[in-house]
There are 2 protein chains.
Amino acid sequence: MAATTRPNRITGILAPVLTPFDRNLSPDAKRFAAFARMLTSLDIGLAPFGTTSEGNSLSVGEKKDLLDALAGTGIDMARVMPGTGACALSDTVDLTRHAVGLGCGGVLMLPPFYYKGVSDDGLFRSYSEVIQRVGDKKLRVYLYHFPRQSGVPLSLPLIERLLKAYPGTVVGIKDSSGEFANMEAMIRAFPGFDVFSGTEALLLKLMRLGGAGCISANASVNGAVMVELFRRWRDPDAEGLQDALVAFRVALQDFPLIPALKALVARASGDKSWRITRPPLMDLSIDAEDEVIKRLIKAGFPV
Amino acid sequence: MAATTRPNRITGILAPVLTPFDRNLSPDAKRFAAFARMLTSLDIGLAPFGTTSEGNSLSVGEKKDLLDALAGTGIDMARVMPGTGACALSDTVDLTRHAVGLGCGGVLMLPPFYYKGVSDDGLFRSYSEVIQRVGDKKLRVYLYHFPRQSGVPLSLPLIERLLKAYPGTVVGIKDSSGEFANMEAMIRAFPGFDVFSGTEALLLKLMRLGGAGCISANASVNGAVMVELFRRWRDPDAEGLQDALVAFRVALQDFPLIPALKALVARASGDKSWRITRPPLMDLSIDAEDEVIKRLIKAGFPV
């Protein structure tokens, strides 16, 4: 079972922590840290600056400040896996170094995603340069495979090369392709490599195969149920928990996900400023929010 | 004719200036400025930090330093149009402000390019926020439409909204779609809007229609011929100049373009360090370089 065979490794459920902005569209470190603490109290690990965090809509300086705020609230940084992969080598190195310095248990690293159709040699070179420049044995890199969004897929041969070159440093992946066959292939090909699903819809299947958990957008709002399934995936009612997770996803599927999740947090917290997104996203319309709520209630979720 | 109807506007040929790196992969401001000066001496305008410049592989701080170096060599900043569009609103604002402060005649602005499938509302919001935050009447924004690379196309209705909201600020576009029909549609729909082709292969056709010029990768190496065509597009031998430009492109078409251009600059200057690219790109192999040279010679270019 994942949790027992991976001492000192991050496993379980991680939330790409939603990033709160103020009216001026600046990140609000205080609310961010408070929200993150709430998540950790539910045993949800933190993957700030992921896609759902609007991580790429933040500058490196803004991300460093937010990470400092997390560390400042006494959160166990060993369960924090910030997204640090940027288009510019210098940015990725800068933020990764900062994360390692704060004791983060890992970093989630997108490849540089501006150039499309780059070679595996170029991607290998990219990850290599970052790892060598950070030059810290405490660095744990989780690759981030999200072809639909990044436009830059990470192939199995590339992963194999990275694992051979940097054993103990390149340790896992978040696979947001939604393709279970790809996750299965990685688990079979690379023993000890921690495969996280980017969707909780595949959590049970993945755990049965020896996966490490999931890092999913919805964990900021519905993470407690995911944690429950992660803990009890061998139990007879595991399928029921999995079905509940899927029902939640289905209720949200017709809406822009990040704005919808932020609207739900705003509603739950009574703090409307949680609705604010940075461009190019748009805040959820009130009509859409009403419809999201209707669908969640219909699907049996208390809102 | 473009050049006469647009006083105080950037027209003609601009080069997305290649960025030289040292052995440590750091940008070399001195060589950068010297190369840029050479280009301006040929009457080639400067569009640093474009796609060919590996602009998105540089941090905002690195780009500011390079821009400072240009200004420091006494280059006429009115013909400099740096790429300033980043994924993070804060980064785009920061670099754009810096460019305006240095007197740049315009900025070339990619939309935020991490999120795909974003709405026109979201893109409008994005450009609006940047323009309002920079808040300077001297700002001239050239949109950068490069769907194949950015994954985020700029639609005609979006451009129309931006022109209505920010007349005199949003003034043109670089269209790297390669689709002449799109360039033609913009020229017809938006009088006074400066349309630059992203490829010199369409330069003559575009000039005949009232286009503003071109901003093309190859201008760093073959820009003098483009300038010649821009100046003499009404002359009887214009078709011959256009054919020569296409022949140059064809000679390079089977090679990774940025590494190939850098290898050519290295060869012409005798400075091998020009060959260096930042990941995720790879430096051109020596074999490929030999082949590039062969094809250029065969196509009639003195190398």
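A:Phe49 counts as buried because it has 31 C-beta neighbours inside 10 Å; the cut-off for buried is 20 or more other C-beta atoms within 10 Å of a residue's own, with exposed meaning 12 or fewer, partly exposed in between, and C-beta atoms placed from the backbone. Although A:Phe49 is not a glycine, its phi is positive, at about 65°. You will find A:Phe49 in the loop between β2 (45-46) and α3 (60-72) of chain A. Helices (H or I, at least four residues) and strands (E, at least two) are DSSP runs, numbered from the N terminus.

The loop between β2 and α3 of chain A also holds A:Glu54. A:Glu54, not a glycine either, has a positive phi of about 55°, and it counts as buried because it has 27 C-beta neighbours inside 10 Å.

## About the model

This is a predicted model, in which local features need pLDDT of at least 70 and side-chain atom pairs count only at pLDDT 80 or more, while totals for chains, interfaces and linings use all residues. Residues are numbered from 1 along each chain as its sequence is written, and chains are lettered from A and ligands numbered from 1 in the order in which they are written.

## Cis prolines

In chain A, the peptide bond joining A:Pro279 and A:Pro280 is cis, with omega about 20°. A:Pro280 sits in the loop between α12 (257-269) and α13 (286-298) of chain A.

Chain B has a cis peptide bond between B:Pro279 and B:Pro280, where omega is about 15°. The place of B:Pro280 is the loop between α12 (257-269) and α13 (286-298) of chain B.

## Around strand β6 of chain B

Strand β6 (residues 194-197) of chain B sends B:Asp194 and B:Phe196 one way and B:Val195 and B:Ser197 the other way, and all are buried. Strand β5 (residues 170-175) of chain B pairs with β6(B) in the parallel sense over four bridges; pairing requires that DSSP finds at least two bridges between two strands. B:Phe196 is the bridge partner of B:Lys174. From β5(B) the chain crosses through helix α8 (residues 180-189) of chain B to β6(B) in a right-handed β-α-β crossover; right-handed means that, with the strands pointing away from the viewer, the path from the first strand over the helix to the second runs clockwise.

β6(B) also pairs in the parallel sense with strand β7 (residues 213-215) of chain B, over two bridges. Here B:Ser197 stands opposite B:Cys214. The β-α-β crossover from β6(B) to β7(B) goes through helix α9 (residues 203-209) of chain B and is right-handed.
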